[in-house]
Amino acid sequence: MNETALYDAIFKRKSIRDYDQTPIDSNRLEEISRNLQSLKPLLADIKTEFKIISPNQVTRKINNNAPHYIAAFSEAKDAYKINMGFMLQQMDLYFSTTGLGSCWLGIPQPTKEVKESSNLEFIALMSFGNPKETLHRTSASEFHRKPLSDITNIEGANDLLEAARLAPSAVNLQNWYFTGNKNTIHAYSSKAGFLRSMVGGGHFPVNMGIALYHLKLATEHFGMKNKFIFDPSKDKSPPKNLEYVATLEIEQTS
Ligand SMILES: Cc1cc2nc3c(=O)[nH]c(=O)nc-3n(C[C@H](O)[C@H](O)[C@H](O)COP(=O)(O)O)c2cc1C
């Protein structure tokens, strides 16, 4: 996958829910399968599995009827849902660069047979196919997102944080907050209370992984080296009522 194209897709992608029902040709499906095998993990020691399934293997499809779906499974280990958000967002951006539409799906579910076909835990679906609606946004103003000032108190890293700001999230909850400085960005998540966990909050960690992937692409776009670490004690003034997720250490090369 071309990371420059993936970065550009951050600023124009959108969730596609209206698809041409014609299946994608087999060569293209093979390329998609190959890409699924080469996704970069955030945490290398977590086993993951991706299956391309058909519409008759998906239940609870509400306003989404695509010719193909990816079912994502993971070993249940620390931060596994964050890792899955980080990985599968690579496909969401990739589809957008190749003229295909896609949408993360937390409500639709694969059939029991599909779930039982993996030893790993089912995490989420992603629909994909040829779009029957406009594929791309033309400006950042078309994204329904919180302003940067609501998601960070960092000054001097707007170019990086803008990429995270535009990330998709379940029910568009945008549960991220960033502290630190332009060299060390700490990522936090809202906590999902009982009610919130019933509506979208269960996907908070997946959303965080998506935003972290956008952040990583942005640092690379600006030619910066980056490394994720997981150490809450690194942040000397953590925000109250938020959960620590990860720290991105950035080396400014220019
Ligand atoms: C983990 C996750 C689960 C989602 N689940 C659904 C879903 O079940 N149905 C749906 O129509 N959209 C779903 N979405 C898409 C979000 O509603 C969408 O990303 C958000 O509203 C922002 O819009 P955008 O993606 O067009 O920028 C999900 C997104 C994420 C990240």
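1. Strands β9 (225-229) and β10 (residues 242-251) form an antiparallel pair over five bridges. Two strands are taken as paired if DSSP finds at least two bridges between them; strands are DSSP runs of E with at least two residues and helices are runs of H or I with at least four, numbered from the N terminus. Within this pair, Ile-229 has Thr-247 of β10 as its bridge partner.

2. The model is a predicted one, in which local features need pLDDT of at least 70 and side-chain atom pairs count only at pLDDT 80 or more, while totals for chains, interfaces and linings use all residues. Residues are numbered from 1 along each chain as its sequence is written, and side-chain values use heavy atoms, with hydrogens and water left out.

3. The pair belongs to an open, antiparallel sheet of four strands in the order β7-β8-β10-β9. Because β7 (176-180) and β9 stand at the edges with a single partner strand each, one side of each has no neighbour in the sheet. From one strand to the next, the twist averages 25 degrees. Helix α6 (residues 158-165) lies across β7, β8 (184-190) and β10, and runs at about 160 degrees to β7. Such angles run from 0 to 180 degrees between N-to-C directions, with axes fitted to C-alpha atoms, for helices over the stretch in contact; contact means heavy atoms within 4.5 Å.

4. A further open sheet of four strands, also antiparallel, has the order β1-β3-β6-β4. Its edge strands, β1 (48-53) and β4, each pair on one side only. Here the twist averages 20 degrees from one strand to the next. β1 pairs with β3 (residues 68-74) over six bridges, and Phe-50 has Ala-72 of β3 as its bridge partner. Helix α3 packs on this sheet, touching β1, β3, β4 and β6 (121-129), and its direction makes about 10 degrees with that of β6.

5. The chain is divided into domain 1 (3-129) and domain 2 (144-251), with bounds from an automatic or database domain assignment. Their C-alpha centres lie 22 Å apart. Across the boundary, 19 residues of domain 1 are in contact with 23 residues of domain 2.
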